[in-house]
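Work through these exercises with the structure open beside you. Try each task before you read its solution.

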Amino acid sequence: MKKLLEWVGAFFLVVVITMIHFIVITFTSSPWNSIHLILASLFCLLIITAQKPISALAMALIFGFCVELFASTPFGLVSFALLISVIVVSFLLNTIFTNRSILIVFFSGVVGTASYYIILTIGIMTQAFFYKTNFIVTTEFVERAGISILTTSLFFIISYSFISRFTRRLNPRYISGATFTL
Amino acid sequence: MRLRMAYNPQKKIYIFAGAFLAAIIVFHWLNWLAPIEFFTRRLLVFPITRFSESIRGGRIKDGGTPTIAPNPTSTIHELNAKMIMIKDENNHLREQLNFKKKTTFNLVTAHVIGRDASTLGHIIIIDRGGNDGIKFKAPVIVDNGFLIGTVIKVQPDIAHVLLLSDNQSKVAATILNRDRSAGVVEGGYGISLRLNLIPRNETVAVDDIVVSSGLDGFIPRGLLIGTVVEVENEAYKPFQQAVLTPETDLNKLTIVAVIEDK
């Protein structure tokens, strides 16, 4: 029963965050529409679940599936990019860095978001090569990606600051890796 | 003494995640996930559509009848705002109807329901797809035949439209000047467009009108694109360029029409 409730809760969370992400990118103006809420949510989940990235990986796959339905990129590319960015951030937080200071969190967000856009770009260029279409990385493209990396990382810091204040006061058994086991 | 490498259980998790992703991709291409995709898309689109309707103040049903049910507790200001939105929508549809009468195109009217989820380019999502006759590379217009983009991805119930302002957009165009100069309209310059590859010996002036030339093969000739606001004719460049202003604001699209291929 507990597992079923966890699954239902996770599904509800995915749907709500995906809808908010679409509403933000559709109805807000620049630079707010550059914030990638899904990436920021996944990175926050990675930090909460500490040493166990399995929850974040599972959520990355589910988020990726939902975003694929509304993305113009080839099916599977967004999910792959989300997965790799989660793995990269998990590697940074668990292997390279030992603390969770604001600077480290910001750097992890920048690296994670940048890896997402790099993989997405490589995927689109590969598709353009094989399907003989045009895809050029222009200055505007790099600017938009840069703005998205910056805004997403800043949003990640703000979310992390808020969540860390809240989780410090919460019973540890609710926020360990066991909470989001899927 | 043999050294044993420590077993890394996370590798197993990564391999499993990769295999699961590969399976989803294969099932998608085999069309086995179509019902789940359709249900999930409906689940996500419905609240977004409702949200945009609440901002716009109503929508036009397929039969063309407005469906506004004023809330008895709405204030006069809210009702006035809704009325302005409905008038605006009515104007868009009236202009599309005028355009349809003047031409022989089959038009599929669609609402803009969102922007591309990957946030990379100027791509909008419309609520018509393959089931409604939308085809890949179909031109998309607004109002009285103003070209705004082309369809780049078609799904059963939605389609993605690449706007002219996107840096990957390239449309063959003609200037309605004395020389009928040809060029390529490109995006990626913010809110304006650029007409490149104009021969240097031809005269281009401010306020010249630019239309589609039909040389693409999939965009009909004569669709209005924009007006020239600046001409750049440098002696060291082989071609001249013109900066265009689109005929409509590409950031404020609500109702569009897709030209069906006959």
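Helices and strands here are DSSP runs: a helix has at least four residues and a strand at least two. The model is predicted.

**Exercise 1. State how many helices and strands chain B and chain A have.**

Solution. 
- Step 1. Take chain B. Its secondary structure comes to 3 helices and 12 strands.
- Step 2. Take chain A. Here the count is 6 helices and 0 strands.
- Step 3. Read chain A along the sequence. The pattern is α-α-α-α-α-α.

**Exercise 2. Describe burial and surface for each chain.**

Solution. 
- Step 1. Buried means under 20% relative accessible area.
- Step 2. Chain A has 182 residues, and 51% of them count as buried. Chain B has 262 residues, with 46% buried.
- Step 3. Chain A exposes about 8900 Å², and carbon and sulfur atoms supply 74% of it.
- Step 4. For chain B the accessible surface is about 14400 Å², with 60% belonging to carbon and sulfur atoms.

**Exercise 3. Explain what the salt bridge between Arg41(B) and Asp157(B) ties together.**

Solution. 
- Step 1. Check the distance. The side chains of Arg41(B) and Asp157(B) meet at 2.7 Å, N to O.
- Step 2. Locate the partners. Arg41(B) lies in helix H2 of chain B, and Asp157(B) in the loop between strands E4 and E5, so the pair ties together parts 116 residues apart in sequence.
- Step 3. Check burial. Arg41(B) is buried at 2% relative accessible area. Asp157(B) is buried too, at 9%.

**Exercise 4. Describe two further salt bridges of chain B.**

Solution. 
- Step 1. Glu232(B) and Arg194(B) meet at 3.0 Å, N to O. Glu232(B) is in strand E10 and Arg194(B) in strand E8, 38 residues apart.
- Step 2. Lys252(B) pairs with Asp249(B), the closest N and O atoms being 3.7 Å apart.
- Step 3. Lys252(B) is exposed at 63%, while Asp249(B) is partly exposed at 36%.

How values were computed. Residues are numbered from 1 along each chain as its sequence is written. Chains are lettered from A and ligands numbered from 1 in the order in which they are written. This is a predicted model: local features need pLDDT of at least 70, side-chain atom pairs count only at pLDDT 80 or more; totals for chains, interfaces and linings use all residues. Side-chain values use heavy atoms; hydrogens and water are left out. Buried means under 20% relative accessible area, exposed over 50%, partly exposed in between (1.4 Å probe, protein chains only). Accessible areas come from the Shrake-Rupley method with a 1.4 Å probe; for residues, only the protein chains shown count as cover. A salt bridge is a side-chain nitrogen of Lys or Arg within 4 Å of a carboxyl oxygen of Asp or Glu.
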